[in-house]
Amino acid sequence: MIQKEDQNISFLALGDSYTIGESVDINLRWPNQLVEKLKSQDVLIEPVKIIAKTGWRTDQLLLSARTVLNESKFDLVALLIGVNNEFQGETIESFEEKFRKCLAFAIAQARSGEAGVFVLSIPDYGFTPYGAPNQAKISARIDGYNNICKSVSFEFGVTYFDITEISRQGLVETKLVASDNLHPSGYQYSLWVDKYYKKILGMIQSNLNN
C-alpha cells in the first residue's frame, strides 16, 4: 500500500467545467476516475476535493479557491484552467499573467510545492459539434493558450500533461464528446487518466520518499 505516515493521500483539483465534469455523472469526472485508478494501484487516497465550476475564468477560480481553502495543504494538486478566458476573447498575452497566478496558488497549496502539482492542457472544443464551424480559429487560439500553460509550467518546475490531442479526435470518434455536444464525455476523461496516471503514481511515490 502507498500511504503517507498512516494518513491517506489528499488530492485537490482546481479548474472549470472540464474538472467539475459538465454533462457527465460525478463518478465519471476525470479527478474521480483518477482517484479510482490510483486506488487500483494500491494508493490509499482520500476522495478528491474539487474546486471548479462551469464558466469559470482564472480570476473566478482564484477568488473562490482562496475563500474555500484558507491554509489547507494537499499532497497532490491539479490545475486545468483557461478555456473560458479564451472563449470570452481574452488575448493570449493577458492570459499568461493570470495563469501564472493560478499556478503559483496551486503550488502554495501543495505540501511538497511544485513537486506535488500537475497541469493539464486545455482541451480543444473546436473538435466538437458545437465548435466545428469555427474549428480552425478555435484550435489556433487553444494552441496559443496551451503554449503558455506549458511554458509557464516548465518555468515553475511543474509537471505538464497534454490531453489536447485526445480531444481532437472528437469529430471522428463521437463517443469522446458528452451529450451536450461541447464537453468531453466520461469515456474521454478515462483516456486522459489512462494516459498519465502512471506518472502521477510516480510523483506520489517520489514525494513520499523525499
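Helix axes are lines fitted to C-alpha atoms over the stretch in contact, and angles run from 0 to 180 degrees between N-to-C directions. In this predicted model, the axes of α5 and helix α6 (residues 135-156) cross at roughly 40°. The two axes come within 10 Å. Angles under 35 degrees count as roughly parallel, and 65 to 115 as roughly perpendicular. α5 and α6 are therefore oblique to each other. Their crossing is right-handed. On the α5 side, the contact is made by Ile 92, Phe 95, Glu 96, Phe 99, Arg 100, Leu 103, Ala 104 and Ile 107. On the α6 side, the residues are Gly 144, Tyr 145, Ile 148, Cys 149, Val 152, Ser 153, Glu 155 and Phe 156. By class, the contact of α5 with α6 divides into 11 nonpolar, two polar and three charged residues.

The axes of helix α2 (residues 30-40) and helix α8 (residues 186-209) come within 8 Å. They cross at roughly 50°. α2 and α8 are therefore oblique to each other. α2 passes α8 in a right-handed crossing. From α2, the contact draws on Trp 30, Gln 33, Leu 34, Lys 37 and Leu 38. From α8, the contributing residues are Gly 186, Tyr 189, Ser 190, Trp 192, Val 193, Asp 194, Tyr 196, Tyr 197, Ile 200, Leu 201 and Ile 204. The contact of α2 with α8 comprises 11 nonpolar, three polar and two charged residues.

Charge pairing was considered next. Side chains of opposite charge can pair when their charged atoms come close. The structure holds 12 salt bridges. One of them lies within α2. There, Lys 39 forms a salt bridge with Glu 36, and the closest N and O atoms are 3.6 Å apart. Lys 39 and Glu 36 are three residues apart, about one turn of the helix. Lys 39 has a relative accessibility of 39% and counts as partly exposed. Glu 36, at 48%, also counts as partly exposed.

Helix α5 (residues 92-109) contains both Glu 97 and Lys 101. The side chains of Glu 97 and Lys 101 meet in a salt bridge, at 3.9 Å from N to O. Because Glu 97 and Lys 101 are four residues apart in α5, about one helical turn separates them. Glu 97 has a relative accessible area of 51% and is exposed. The cut-off for exposed is over 50%. Lys 101 is partly exposed, with a relative accessible area of 44%.

Arg 57 and Asp 59 form a further salt bridge through their side chains, at 2.9 Å from N to O. Arg 57 counts as partly exposed at 22% relative accessibility. Asp 59 is partly exposed too, with a relative accessible area of 39%. Elsewhere, salt bridges link Asp 124, Asp 143, Glu 165 and Arg 168 in a network.

Asn 84 lies in helix α4 (residues 83-87). Asn 84 is buried, with a relative accessible area of 11%. The cut-off for buried is under 20%. Phe 11 is 73 residues from Asn 84 along the chain, and their C-alpha atoms are separated by 24 Å.

Backbone geometry was then considered in two loops. Ser 23 has a positive phi of about 75°, although Ser 23 is not a glycine. Ser 23 is found in the loop between α1 (17-20) and α2. Its relative accessibility is 34%, so Ser 23 counts as partly exposed. Asp 42 has a positive phi of about 65° and is likewise not a glycine. Asp 42 is found in the loop between α2 and β2 (49-52). With a relative accessible area of 43%, Asp 42 is partly exposed.

Note on methods
Residues are numbered from 1 along each chain as its sequence is written. This is a predicted model: local features need pLDDT of at least 70, side-chain atom pairs count only at pLDDT 80 or more; totals for chains, interfaces and linings use all residues. Side-chain values use heavy atoms; hydrogens and water are left out. Buried means under 20% relative accessible area, exposed over 50%, partly exposed in between (1.4 Å probe, protein chains only). Angles under 35 degrees count as roughly parallel, over 145 as roughly antiparallel, 65 to 115 as roughly perpendicular and the rest as oblique. A crossing is left-handed if the near helix is turned anticlockwise from the far one by less than a right angle, and right-handed if clockwise. Contact means heavy atoms within 4.5 Å. Ala, Val, Leu, Ile, Met, Phe, Trp, Tyr, Cys and Pro count as nonpolar, Asp, Glu, Lys and Arg as charged, and the others, Gly among them, as polar. A salt bridge is a side-chain nitrogen of Lys or Arg within 4 Å of a carboxyl oxygen of Asp or Glu.
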